[in-house]
Amino acid sequence: MNRLAGLRRHMFICVSEKSPEKSCASRQVQEAAWKQLKRRVVELGLLNVAGRTKASCLQVCKEGPVAVVYDHHGATWYRKCSGEVLDKIIESHLVNGDPCKEHVLVTNPNAVVAEVSNRHSPL
């Protein structure tokens, strides 16, 4: 729980189980992007600052892999999140806290980002 309390940003990346023709990118590209994200978060020492989660499908089935970062900006959705583009997004948004505008698909500053507390609360 202590690690969760320190997270300032959280990135979800699509690794869909849909058929290739219905997915935002090929399974191979999505899996490679997920592995890259996990590796870079560790390499950059971001485990206690930036969460990362593999999402089954983010319901945006174009220009993938698609990812979304939740933070104080709200929700920032990204397209084509692999290779060099993913590295730029990680550096700009996860490390520095600044959305990587050149790769943004859409933003939602009104997205609700709940704070994690150290106590249990009823739903």
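R40 and E43 form a salt bridge, and their closest N and O atoms are 2.7 Å apart; a salt bridge is a side-chain nitrogen of Lys or Arg within 4 Å of a carboxyl oxygen of Asp or Glu. Both residues belong to helix α2, where R40 and E43 are three residues apart, about one turn of the helix. Helices (H or I, at least four residues) and strands (E, at least two) are DSSP runs, numbered from the N terminus. The model is predicted: local features need pLDDT of at least 70 and side-chain atom pairs count only at pLDDT 80 or more, while totals for chains, interfaces and linings use all residues. Residues are numbered from 1 along each chain as its sequence is written, and side-chain values use heavy atoms, with hydrogens and water left out.

E43 also forms a salt bridge with R39, with 3.3 Å between the closest N and O atoms. R39 and E43 lie four residues apart in helix α2, again about one turn of the helix. E43 is partly exposed, at a relative accessible area of 48%, and R39 is partly exposed as well, at 43%. Here, buried means under 20% relative accessible area, exposed means over 50%, and partly exposed lies in between (1.4 Å probe, protein chains only).

## A bridge between helix α3 and a loop

E102 forms a salt bridge with K88, and the closest N and O atoms of this pair are 3.9 Å apart. K88 lies in helix α3 and E102 in the loop between α3 and β5 (104–108), so the pair ties together parts that are 14 residues apart in sequence. E102 is exposed, with a relative accessible area of 52%, whereas K88 is partly exposed at 34%. Elsewhere, salt bridges that share partners join R39, R40, E43 and D87 into one network. The structure holds seven salt bridges.

## How α2 and α3 pack

Helix α2 (residues 27–43) packs against helix α3 (residues 83–95) at an angle of about 35°, and their axes are 11 Å apart. Axes are lines fitted to C-alpha atoms, for helices over the stretch in contact, and angles run from 0 to 180 degrees between N-to-C directions. The crossing of α2 past α3 is right-handed; a crossing is right-handed if the near helix is turned clockwise from the far one by less than a right angle, and left-handed if anticlockwise.

On the α2 side, the contact is made by A33, Q36, L37, R40 and V41, which meet G83, L86, D87, I90 and L94 of α3; contact means heavy atoms within 4.5 Å. These residues divide into six nonpolar, two polar and two charged. Ala, Val, Leu, Ile, Met, Phe, Trp, Tyr, Cys and Pro count as nonpolar, Asp, Glu, Lys and Arg as charged, and the others, Gly among them, as polar.

## The buried side of α3

The buried residues of α3 are V85, L86, I89, I90, S92, H93 and L94. They pack against α2 and against the strands β1 (9–14), β2 (50–55), β3 (67–71) and β4 (74–78). Just after α3, G97 takes a positive phi of about 80°.

## A residue of strand β3

Y70 is found in strand β3 and is partly exposed, with a relative accessible area of 27%. Although Y70 and H10 are 60 residues apart along the chain, their C-alpha atoms are separated by 5.3 Å.
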